[in-house]
Amino acid sequence: MRANFIFSEVWIGLRRNLTMTIAVVITVAVSMALLGVGLMINSQVGLMNGYWADKVEVSVFLCKKGTAMPACNGKAISPAQTKALQEHIKNTPGVKGVLFEDETAAYENFKQSFSSNKALVDATKVEDLPQSFRISLQDPDNYQPVIDAMKGQPGVAQVMDQKQLISPFFNLLNTLAIAALSVAIVLVLAAALLIGNTVRLSAFNRRRETGIMRLVGASNLYIQLPFVMEGVIAGLVGGVFAAVILILAKVFLFDEVVTFFGTGLGWNDLAQTITLTMIIGVVICILASFVTLRRYLRV
């Protein structure tokens, strides 16, 4: 098999169908990028779920004097009620541990959480924040019985579960991942059709050459290989562009997740995603080329 002849045929095919080749490259790049983003979102959600599994807490906010919460009637919780509530929490089934947070500790956590909003931090005073109990759970998914046990207790202003706050964000990420994967599948099919049309057009333009090759005894693989390589090259170039898009997505999107949610994708995760998407892109190009040639190339 003469490599020079095959590469020359590949170059001829790419040059003759330049517009179609560019369309294939763009379609493969966009579809593989969306597929990669969907995979990265799935990985990110898994990392965040694992990171927050042991950190999800139930916050029991205590009454302050003059508070507007109906359960408090404007009265602050007494030291005796605070002690009794703490014992009640410890004896509640499903509670793993309990930590008391006074106004000073609450203010320090508030400053850390809203450090980017200096105006809000400056306008907030220590006495503006309530005391609370931070309850860690044995099973973070089974938080409702603990919340029900805390509601209505003397001195309790409000009971809040952190999982209820972050669940909508997780649901949004899951929805985005499904949407990205769905669009990627549609674009992958479009890329396969474009590749098939490109190979078909290239085979039609070179039907005389392939006919001569057939007459002189060339094998089917030898005749088909240049067309398949055209699809592979388009797939590889599209995969490279997709890799660049995924790197930018990690740097400017996924790395920001670390700032707000404590964990993010590593470069190893990105490398695995890029490798997988490039392999999928090349395989699709090969399969689309072979299927098209079997149907349209008469050898």
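The exercises below concern the salt bridges of this predicted model.

Local features need pLDDT of at least 70 and side-chain atom pairs count only at pLDDT 80 or more, while totals for chains, interfaces and linings use all residues. Residues are numbered from 1 along each chain as its sequence is written, and side-chain values use heavy atoms, with hydrogens and water left out.

**Exercise 1.** State how many salt bridges the model has.

Solution. Step 1: apply the rule, a side-chain nitrogen of Lys or Arg within 4 Å of a carboxyl oxygen of Asp or Glu. Step 2: the count comes to three.

**Exercise 2.** Locate the salt bridge of Glu-101 and say whether its residues are buried or exposed.

Solution. Step 1: the partner is Arg-134, at 2.9 Å from N to O. Step 2: Glu-101 lies in strand E2 (residues 95-101) and Arg-134 in strand E3 (residues 132-137), so the pair ties together parts 33 residues apart in sequence. Strands (E, at least two residues) and helices (H or I, at least four) are DSSP runs, numbered from the N terminus. Step 3: buried means under 20% relative accessible area, exposed over 50%, partly exposed in between (1.4 Å probe, protein chains only). Glu-101 is buried at 8%, and Arg-134 is buried at 17%.
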